[in-house]
Amino acid sequence: MKLTLKIWRQKNAKETGKIVEYPIDNVSPDMSFLEMLDVLNEGLINKGDDPVAFDHDCREGICGMCSLFINGEAHGPDRGVTTCQLHMRMFKDGDTIFIEPFRAKAFPVIKDLVVDRSSFDRIQHAGGFISVNTSGNTIDANTIPINKHDADRSFDAATCIGCGACVATCKNSSAMLFVSAKVSQFALLPQGKVEAADRVLNMVNQMDAEGFGNCTNTGACEVECPKGISLENIARMNREYLVASIK
Amino acid sequence: MSLDSKIPAGPISDKWTDYKNHINLVNPANKRNIDIIVVGTGLAGGSAAATLAELGYNVKAFCFQDSPRRAHSIAAQGGINAAKNYQGDGDSTFRLFYDTVKGGDYRAREANVHRLAEVSANIIDQCVAQGVPLAREYGGLLDNRSFGGTLVSRTFYAKGQTGQQLLLGAYSAMNRQIGRGKIKMHNRHEMLDLVIVNGKARGIIARNLVTGEIERHSAHAVVIASGGYGNVFFLSTNAMGSNATAAWKIHKKGAFFANPCYTQIHPTCIPVSGDHQSKLTLMSESLRNDGRIWVPKSLEDAKAIREGKKKPTDLSEAERDYYLERRYPSFGNLVPRDIASRAAKERCDAGFGVNKTGEAVYLDFAAAIERYGKDQARIKHLDENDMKLVKKLGTEVVANKYGNLFQMYEKIVDENPYETPMMIYPAVHYTMGGTWVDYNLMTTIPGCFSIGESNFSDHGANRLGASALMQGLADGYFVLPYTIGDYLAPDIKTGKISTDLPEFVEAENNVREQLNKFINNNGTHSVDHFHKKLGKIMWDKVGMARNAKGLTEAIDEIAALREEFYRDVKVPGTLDSFNQELEKAMRVADFLELGELFAKDALHRNESCGGHFREEYQTPEGEAQRDDENFAYVAAWEYKGKPSEAVLHKEPLVFDNVKLVQRSYK
């Protein structure tokens, strides 16, 4: 396949960036999107140009490091995948593809397509844990039976990979889907209920302090989430927050 | 220098308890005056950092990713072993110990493995208390599955994302300590050298990958938890950034490197599709619980399938060769990984491979779908002879167990594995070898510890499935926090270590010089060009089957490639900026040395054991032929300027509790 790539290039956080056009051919439909960018970069290096910087690591859809906004969609046109799992067979010969970073006030650009998502970590520092010591001196795991339905829903929320697609997709740059996934994981488990009120208040406060927007229920985040994290989690977080606020 | 493994005296089941009762402790008031550096934030590093901080030490943690949550432990799929015996199927600490020693083909240290088995049950308690959502049954209790090389169900899991859930558990424990200021987290940082002061590890030189700044960090002890070196093969199931730099730098500063040739080639990965390939994707071993592995019985059918003239579903049962069930009736599709991988290679080499490249076998779920479907039909009082219904019900059960893996396969290969068998082939996955450590998990450099995959200690020559997660968390949560205290007890009066010491200045200058050399090299080929070449040599000559001739050639070829790399590599960009090519150059430079030592180790070990298969040493049936008389030792290599001059030290392996026999899964 022959393609035209229009890629966001930005030298560093301070300089302004722009879209630069790159033609590329001999793209195989079996390539992953990132392998296509590898080929582009190999060519740029051989020509003496600066290769395009992009985040990636596991290349199997679980680490959450890759973060491209492709033709106006986080992780591109396919559903239920991260950018590294997106394959070129989703595109046609002759296509023009726009590639941009995940954009949000709380995700400043580091270089080209690489953004700083440490705001997500700081929200987790504020309360994304159960305050139990790691000494192993706890009760036997099977002394707390957990309803399978709750355990499964907790697991579903816990599969969030923290990539930030929800934020990049949201017109308000809201992080509600991300934060509510962690709040829900613990709120659904008996172990997490003990400090549930403090957790939701602290995490939401930190989310606001980082400059993420609010949720207006458009549901775009759920559509673009590579792991299918449900909007129900946002509803649950709102309920948890409300209850905690009036306590 | 002779190796002292410092294994405590006494019966094996009392060693660890007795050891803990007699070590030196650091009192809480003194702990806050002690700094510890932890490099890597996977299961081992993350759990260690959290626990050490909780105990009161000041922890400085480092990872090259943008968040500790992205360490490659996140990608582990299948599960974690623990001798809980919740299923009442005869499991015990001794059995887990025994299975692990046997699974490692009798090349692991008994005392370490027993300790691992002892603490395994506690890991599950800990993780559940942390809110890790492990799979449960309808009664609300934890579920188990079975994994290769064992006859009990001791594997705990969270669908196909067990590593993710356990890592997020350790990450949450870290977050609690970061929030309390006890862990200072350095994301997007890479350790580029170890600093030794008066014979003790006292700090590291790290590069801030965003600004390019070279930083000095001091501490009273340094813990390396940087994972394995599978990426020496270029193509592996490791993450793109997974590297051996931290482990290799400490090796060059005096830490012995043990058993580099023990590498696990995992049998169930998605086959290579073309030259553009950047990594290989694992399909969890748990799939072998329900999937049956086969190739066509006749060469003609295999050829027709390769040419696209026949489909796998066209072949009747009689035309299929379920070769694992045929060769190993008692373990069947659940033989350990090394055996399953070699058996796949044997069939493909003989011409029975099934994809375009001829390097793939089938993993078929049709029988499982039918079996589960019939069960469901019976339970629901429906017609179990209605094959359409049975298939629908069975597919639901299989989707519930492995849904995410099937989806991953479909996205990559563009085939529906519910309808047609998966194609799989072995790929490099895990490295059992690593920095040599004693019972305290300390390397041969005082104050420098190595935990998780980066050390060599628990898996011998082959790791059993679901044991890596167990070892990483055991080391980080339950072992290192004790052993490091014993080391640090005499250090309470040392005070802060200054980063202005000449040792720091010198180490920083060396790092800066190497980085500058790459930037100013102006060669003609990219880093990947050399990395791919190295990978090809490793896979062809140091891969699943090795022989003396190939290994000798590999050693020369790698040395020549390394020379060419330094002469001709091209690294664009600058030192003081975000520069991914420069990061890669530093990592590949280390792989180019490690690869040579790897081949040298494989050449010296004139036997076959576990993941190390020398063609010259096999039984008439083609199984690995160990030589216990001459090779029942750990090969620990000392760096002497270049890999070819590395000096071998032997730690004899003594087996008092397990009898050495020819490993059999028949």
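Me: When do two strands pair, and over how many bridges do β12 and β14 of chain B do so?
Reply: Two strands pair if DSSP finds at least two bridges between them. In this predicted model, strand β12 (residues 292-296) of chain B runs antiparallel to strand β14 (residues 361-364) of chain B. One bridge partner of Ile293(B) lies in β14(B), namely Leu363(B). The number of bridges between β12(B) and β14(B) is 3.

Me: In what order do the strands of the open sheet of 5 strands in chain B stand?
Reply: The pairing in this sheet is antiparallel. At the edges stand β11 and β13 (320-321) of chain B, each with a single partner strand, so one side of each has no neighbour in the sheet. The order is β11-β15-β14-β12-β13.

Me: Which residue of β15(B) is the bridge partner of Ile265(B)?
Reply: Strand β11 (residues 263-269) of chain B is joined to strand β15 (residues 422-431) of chain B by 5 bridges, and the two run antiparallel. The bridge partner of Ile265(B) in β15(B) is Val428(B).

Me: How many residues of strand β11 of chain B are buried?
Reply: A residue is buried if 20 or more other C-beta atoms lie within 10 Å of its own. Strand β11(B) is largely enclosed by the rest of the structure, because the buried residues number 7 of the 7.

Me: Which element gives the largest share of the side of chain B that touches chain A?
Reply: On this side, 67 residues of chain B are in contact with 68 residues of chain A. Elements giving two or more residues to it include α3 (43-55), α5 (110-129) and α12 (387-413) of chain B. The largest share, 9 residues, comes from α6(B).

Me: What radius of gyration does chain B have?
Reply: Chain B holds 18 helices and 19 strands, and its C-alpha trace spans about 80 × 60 × 50 Å along the principal axes. Of its 666 residues, 60% count as buried. A compact globule with 666 residues would have a radius of gyration near 26 Å, and the value for chain B agrees: 25 Å.

Key
Residues numbered from 1 in each chain as written. Chains lettered and ligands numbered in written order. Predicted model: local features only at pLDDT ≥ 70, side-chain atom pairs only at ≥ 80, totals over all residues. Buried ≥ 20, exposed ≤ 12 C-beta atoms within 10 Å, placed from the backbone. Helix = DSSP H or I, 4+ residues; strand = E, 2+ residues; numbered from the N terminus. Contact = placed C-beta atoms within 7 Å. Rg over C-alpha atoms; globule rule 2.2 N^0.38 Å.
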